[in-house]
Amino acid sequence: MKKVFLLIIISLFSAMLSFSASTSYFQLNKARAFIKGKKQNINVTEEGYLELSNSAKVIFNKNNLLVNDIVKDKKGNLYIASGNKGTIYKRTPAGKVSVFYKTDSFSVVSLAAGKKGIFAAIIPESEVWFISYRGRAKRIAKFKEKYIWQIALHSNGNLYVACGDKASL
């Protein structure tokens with residue numbers, strides 16, 4: 001009886017081993033293999049490599065909005081330049097978003113935050129505007145060049161504008 005019982009136990013154990021898991025290998029070596037998955041704090045390069053990335057937090061969500069630039073004033077407000085609506089949005093530290101200024105232009109390409117307001121470069125007019133924090137706007141420069149690439153405000157108050165085909169200052 002012991003031999004029969006032992007034979008049944010061995011048979012059951014053998015059957016369990018035959019249904020056990022086996023190791024399988026696979027390789028994901030193209031970026032498209034990762035596109036469908038949910039990615040957190042990683043970046044997939046064009047070559048398909050994974051890199052660590054900064055964590056991202058949604059601070060502003062507006063459908064079909066192309067963001068060209070974001071600047072922060074001394075109070076912590078963010079000013080967001082839209083590339084396809086010609087609008088500058090303001091986001092307070094509390095998270096409230098509103099239209100800060102709506103231009104008559106197609107695109108606001110660059111912003112610079114000053115002591116009394118925001119400088120905005122717009123195209124295709126190739127103009128730089130100053131918009132006070134109270135919302136009053138004034139054109140301060142118009143360029144012959146086609147493009148304005150970037151504006152930057154120096155600590156001494158000088159505003160630098162990179163414009164034209166050669167991005168001259």
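Rings of Phe, Tyr and Trp (its six-membered ring) pair if their centres lie within 6.5 Å; planes under 30 degrees apart are stacked, those over 60 are edge-to-face, and the rest are tilted. We're working on a predicted model, where local features need pLDDT of at least 70, side-chain atom pairs count only at pLDDT 80 or more, and totals for chains, interfaces and linings use all residues. Residues are numbered from 1 along each chain as its sequence is written, and side-chain values use heavy atoms, with hydrogens and water left out.

**Exercise 1.** Classify the ring pair of Tyr-79 and Phe-100.

Solution. The structure holds four aromatic pairs. In this one, the centres of Tyr-79 and Phe-100 sit 4.9 Å apart with 70 degrees between the planes, so call it edge-to-face. Strands here are DSSP runs (E, at least two residues), numbered from the N terminus.

**Exercise 2.** Why is the pair of Tyr-79 and Tyr-133 tilted?

Solution. The planes meet at 40 degrees, with centres 5.9 Å apart, so the pair is tilted. Tyr-133 lies in the loop between strand 9 and strand 10 (137–142), 54 residues from Tyr-79.

**Exercise 3.** Is Tyr-133 buried, partly exposed or exposed?

Solution. First the cut-offs: buried is under 20% relative accessible area, exposed is over 50%, and partly exposed is in between (1.4 Å probe, protein chains only). Tyr-133 has 26%, so it's partly exposed. Tyr-79, at 1%, is buried.

Conventions:
Helices (H or I, at least four residues) and strands (E, at least two) are DSSP runs, numbered from the N terminus.
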